[in-house]
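Subject: Structure handover

Hello,

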Amino acid sequence: MEERKELEKAIQELEAQRENLGDVAVEAALAGLYQKLSKLESPKTQTSSSESKTDRVGERRVVTVLFCDVAG
C-alpha cells in the first residue's frame, strides 16, 4: 500500500510541473508511473502474454513517417 501512495504522490507532483517541464516530458514520465500503478492493481494470476498486452494499452510512442511522391 505504501508503494501505491508514493506512485500517486509522484503522479501529482509531475502533473503540477507540467507547465515547467512540458507535455512531452511529463507524459513520458507518467507512462512509466501509470504502468507500475496498474501492475500493483492487477491480479497476479494473469499470464505473461496477457500482461504484455495490457502493458501496451495506452502506451505512447514517437513515430517518424517519411513519404515521398516521386514522379518522372
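Start with the second largest pocket, which is lined by Asp-23, Val-24, Glu-27, Ala-28, Ala-31, Arg-60, Arg-61 and Val-62. A pocket here is an open set of points on a 1 Å grid over the protein atoms alone, where a 1.4 Å probe fits, with protein on both sides within 12 Å along at least five of seven lines; lining residues have an atom within 4 Å of a point. This pocket holds about 160 Å³ of space. That volume is the space filled by probe spheres set on the points, which are joined across faces, edges and corners. Its lining has four nonpolar, no polar and four charged residues. Ala, Val, Leu, Ile, Met, Phe, Trp, Tyr, Cys and Pro count as nonpolar; Asp, Glu, Lys and Arg count as charged; the others, Gly among them, are polar.

Some ground rules. This is a predicted model: local features need pLDDT of at least 70 and side-chain atom pairs pLDDT 80 or more, while totals for chains, interfaces and linings use all residues. Residues are numbered from 1 along each chain as its sequence is written, and side-chain values use heavy atoms, without hydrogens and water.

Now the fold. The protein chain has four helices and zero strands. Helices (H or I, at least four residues) and strands (E, at least two) are DSSP runs, numbered from the N terminus. Of the 72 residues, 10% count as buried. Buried means under 20% relative accessible area, exposed over 50%, and partly exposed in between (1.4 Å probe, protein chains only).

Helix α3 covers residues 23–41. Its 19 residues should span 27 Å at 1.5 Å a residue, and its end C-alpha atoms are 26 Å apart, which agrees. The expected span is 1.5 Å times one less than the number of residues. Val-26, Leu-30, Leu-33 and Leu-37 are the buried residues of α3. Their cover includes α1 (2–16) and α2 (18–21).

The largest nonpolar core has seven residues: Leu-7, Ile-11, Leu-14, Val-26, Leu-30, Leu-33 and Leu-37. Such a core is a set of buried Ala, Val, Leu, Ile, Met, Phe, Trp, Tyr and Cys residues joined through side-chain atoms within 4.5 Å. α3 gives the largest share of this core, four residues. Beyond its neighbours within four places in sequence, Leu-37 is in contact (heavy atoms within 4.5 Å) with Arg-4, Leu-7 and Ile-11.

Tyr-34 sits in α3, at 43% relative accessibility. Its C-alpha atom is 8.2 Å from that of Ile-11. Gln-17 lies in the loop between α1 and α2, with a relative accessible area of 35%.

Best wishes
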